[in-house]
Amino acid sequence: MEGETQEEDRPSQRLGLCDSLHTSVHDQENSPTVRAVLCSRVCRVYRFQTNDQRWLLVREQMSETPLSFSLPKKLIRMLIHELTNRSQEVKELGDLSPHWDELRLDVLDHCNDLLRCYQETLIELDKLSASSCFKSSTSKSEQHLQFIPTNLHTQRMEVTGPDGVWYDVITFGAPADHHQAFKHGGLRRLLCKHTKHQDSFVSYSRDESFRARELLDSLAQLQPLIFGLAEELLSISLEMSPARLKQILDSLVYQTEQFVHAVKDELVRSARQEIHNHCNIRQLHANGFLCDNMPTNQNGLQYSKEEEEYDEEEWDRAWANVTKSINCIVVMVDRLQGKEARLRGDISPNHDRFEKGLSMSEIHEQLLPLVVTLRDCVREAVEKARASMTFVVLQEAVAASVGQGPANVLQRRHAVFSQALSAVVCGFMLKLQAGLEDPEFLQQLHKVGVLAQFEGLLSTYGEEIGMLEDMEVGVADLRKVRFNLVEAKTEQVDDLLPTNGVVINVPLPSESFASLPSELKDGCLIPICPVLFNIGINQQQSFAERFGDSSLQEKVNQQNCECLKTYCQTLQQALPDMAGIQSVPDMLLSLDRSLEAKKRKNVEVLWNAAMVCRKVNGIRLTSCKSAKDRTGMSVTLEQCVLLRERHALSQQHFGRALDTMRRYGCRMENVQKNIGNRKFAFSAVQLLTFPKLYRPPDGSYG
């Protein structure tokens, strides 16, 4: 058994053994995408004996990634842009009733607090070197690094052979807000405290808010346009000019039809229902939120919704009255110009015959009440629609800001999401690069999406239960993320790094992009199915199981097991002939049994979940508090198990291989770069509480 060292930053120290690795390994390693995603690589090369006495060449590689900093910075810029827009939107809503104006001020204060904090954070991050790719475990509590994942690395094992097999795990400190700490718990607990306030607002999506703002803009343009054309129609009626009258009338009809089409939006109807539900005893301004002329009872109080049923047809009558009004005007003009001539199409610049016996003043008098009615109906519809859309915009702003709790809670959620996002995007890009020549995998992406399996090693005791509460929410928030594959402008590193938002644009070199299925090239969005399984393995977990509470861990594991089953069932239905898919139900059954076993520190849950993940081409991610000690034990164990199960590593040499990787491998280098010495942070007493296979070799711990 041999182990050798290689660091990418010192090419002169490359050892001869590395040159004997299969060329496909180097081909993928040197691809533009991998070069853009990975940096500061550290390698170890091993030679292990197999069951049939052959030598197995293995290279272990640990790399940093520029995504650690680039993606969080882009996310912060996006949040700043979003908060700025939201502030401007609610400022532009006009005069509101005192109650809703107070709510608007709450939204503005909330947005301004976050804006100030995010702008300061971005300034501090921009001061760092452009080559910054790593946040050490000792820096995890620093405020300006709140959004940066702790100790994010790719852990890759490459096994030589005809196919040059790769096994990847993304390792990073559990996504959690160490700056705000965990005195009051993590996100799960903090968000639960604010659910009681969520009944006071209606949840509208960002798309619905955007539609509402578009409608408000349309109303602001169409109402004065209709009023102006109506006035012009009256003026022209005094000039005895049929051609000009017809021209103005056609324009008025067209603009009125556009108006009716806009206000008939179903969003207006549903918003009016919600307004009625939320009005109760508040009378709101017509140009803010409107409870239309709610009657009062004998005590002078407005009726509540229990006292007066909502009239669902009221809104239909409002816009229908606009249509009837414009039709009346058309009929009147037809009559005035001569019905027969209009039916023959004989209205032309030379046709100037009005109904016999009518003077100009009489024509004006007959049109005037109809035009006044049209204006009144348009004004009423505008007031109702404007009130409804204002309601939607403000409610969405409330839900996205104060509805999420205090500014510090939403900031915490953004920071945790940022850390989880950076890790999963890194894993996706490596998984995509490895599968570009696999048609089955590409079909899986656009039909089902990609699985991301997070393995947690946090205890459910002390501060770490708060970290698990953060991590649970951060992982769940990834469900809103979608990947979109795009063609890169060039193969320069900056052009191959993803841009983010809810949709992450992942650039590919032109040649790779051209080989994609048409669905992916045409912009089919790739969803993520994130699942989290956590098993505490340290001494604190022993305390939790004997004297505390591990119910959160059990609940998280059970809920995510159901999500995993749903993903696998969907995959099997979409790709029933996919290689190895038939064995997945048995694997899920083993996972179920391990969850039901209720054993202490039941690491079989993690092993079974990881097996399912690899079988369905998922992204593997492993975390503990800092991704240093417990994570090092986990990934080295997983590597050796893979070598034993898939590459015939001799059982006789399994223990020695595991000790060698832990004592001399990349994870020891990870400890060194984080804390400055080559010792895992375990005491001899603590190790007695660890599952046996998770213990480091003698002499490698403090």
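Predicted model: local features only at pLDDT ≥ 70, side-chain atom pairs only at ≥ 80, totals over all residues.
The crossing of α21 and α22 is right-handed. On the α21 side, the contact is made by W607, A610 and R614, which meet L637, E638, L642 and R646 of α22. Sorted by class, this contact holds 4 nonpolar and 3 charged residues, with no polar ones.

The aromatic rings come next. Across the whole structure, a search finds 8 aromatic pairs. One of these is F680 with F682, a stacked pair with 6.3 Å from centre to centre and 20° between the planes. F680 and F682 are both buried. F682 also pairs with F690: here the ring centres are 4.9 Å apart and the planes stand at 65°, so this pair is edge-to-face, since planes over 60 degrees apart count as such. Like F682, F690 is buried. F680, F682 and F690 together form one aromatic cluster, in which F682 takes part in the stacked pair with F680 and in the edge-to-face pair with F690.

Two other phenylalanines have a lysine over the ring face. K480 lies over the face of F417, at 4.8 Å from the ring centre. K673 is placed over the face of F134, where the distance to the ring centre is 4.5 Å.

Key. Residues numbered from 1 in each chain as written. Heavy atoms only, no water. Left-handed = near helix turned anticlockwise from the far one by under 90°. Helix = DSSP H or I, 4+ residues; strand = E, 2+ residues; numbered from the N terminus. Contact = heavy atoms within 4.5 Å. Nonpolar A, V, L, I, M, F, W, Y, C, P; charged D, E, K, R; others polar. Phe/Tyr/Trp six-rings, centres within 6.5 Å; stacked < 30°, edge-to-face > 60°. Buried < 20%, exposed > 50% of the residue type's maximum accessible area, 1.4 Å probe, protein only. Lys NZ or Arg CZ within 6 Å of the ring centre and 35° of its normal.
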